[in-house]
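Subject: Structure handover

Hello,

Please find the structure below. My notes on one part of the fold follow it.

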Amino acid sequence: MGHYDSLETRSAHERAAAQLAGLNAQLARVAAHPGACRIDGAPLADLAGLKALPVLRKSELGKWQKENPPFGGILTANVAHVFQSPGPIYEPGGISHDWWRMGRFLHACGIGRGDIVQNCFGYHLTPAGMIFESGCRAVGAAVLPAGTGQTDLQVRAAADVGTTAYAGTPDYLKVILDRAEELGERLKITRAAVGGGALFPSLRKEYADRGILCLQCYATADLGNIAYETEAMEGMVIDEGVIVEIVRPGTGDPVPDGEVGEVVVTTLNPDYPLIRFATGDLSAILPGQSPCGRTNARIRGWMGRADQTTKIKGMFVRPEQVADFVARHEEVGRARVVATREGEMDVMTVQVETRATNPALYEGSVVAALKMKGRIELVPPGSLPNDGKVIDDLRKYD
């Protein structure tokens, strides 16, 4: 299938230049508004300058929203809807063309004019239903706004209306299909655009065996679409309307391509300019270019949560503290806190990537950064697993 637009096949130079222009426009908007998000708005000379700006975490956004409801003083324009996510956190929604940029993903799924999409994402309070409806409108598909639950009615509607595509969480489509078989109904769904949960290979294969192409996207209520699968099914192509960084958890420091870290996103949507918004999710940049012909970088998909805050010996240990420990030693590449139990006692071991051979060198800074003593295990540089973990809780709770 063809591409959604010419943005998907730009050269790296063209994309970087356009992103820099869009980013500097966002910085100017933010600086001109009272809720300036600690950013002075000075233009950047290149995209590498982004790493010097502060990271915005969801907890911080929630605090701002309580002080200055509903959106924390962040510049918002063209707001047509207000949504609520758990926290609660409030998000704006717009009705201009493809506001959440979901059309690009639906096009990659082969959904377009002539399709009827059974949209089983929620429409109440949370924005997921509207996010996908907006994308359907962008590609010219009709929508059956089904929402969640009432499976028998979902089957009846799918059969009567002749829905050709599904949008929703990965597992709910199976519930609909299985119920349709029980009721003796044969549905016409041949494509599925899913998100909001894990798409396990066995489930994707089951859909494929039923003649359904199932692709997934990575999106959030705050940012809209971030990355999406294509027919190549090799990682997720980053959306053209965002800048994605992978940083070491607890910091704003980008990690080398291929290393697992936290996904930090800057959106170029002028209506809601979030700069370096931390998703709390782990992923990694996938090397090379997608065989589908899209030239943007790819991520490996969702690989876990970056907020690994753990209570050890009655005290919380946070990724930021591990980052503080590493920053105290130039020769230390990475560190990992491992929590275990011996007898009925918590044990904290700090694994340190270093060429040093004397663990005593790090005793003082472990206490200063982590607020407690721990065992220190020196390991060779590059030997810690590439899984994005800086705190690994190995204690058994069952």
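Two strands count as paired if DSSP finds at least two bridges between them; helices (H or I, at least four residues) and strands (E, at least two) are DSSP runs, numbered from the N terminus. This is a predicted model, in which local features need pLDDT of at least 70 and side-chain atom pairs count only at pLDDT 80 or more, while totals for chains, interfaces and linings use all residues. Residues are numbered from 1 along each chain as its sequence is written, and side-chain values use heavy atoms, with hydrogens and water left out.

The sheet: Gln351 stands opposite Glu377 in β19. Strand β18 (residues 345-353) pairs with β19 in the parallel sense, over 5 bridges. Both belong to an open sheet of 4 strands with mixed pairing, in the order β19-β18-β17-β20.

The helices: α8 lies across β17 (335-342), β18 and β20, at about 120 degrees to β17. Helix α9 lies across β17, β18 and β19, at about 115 degrees to β18. Contact means heavy atoms within 4.5 Å; axes are lines fitted to C-alpha atoms, for helices over the stretch in contact, and angles run from 0 to 180 degrees between N-to-C directions.

Helix α8 (residues 319-327) and helix α9 (residues 363-370) pack at about 150 degrees, with their axes 9 Å apart. On the α8 side the contact is made by Gln321, Val322, Asp324 and Phe325, and on the α9 side by Ser365, Val366, Ala369 and Leu370.

Regards
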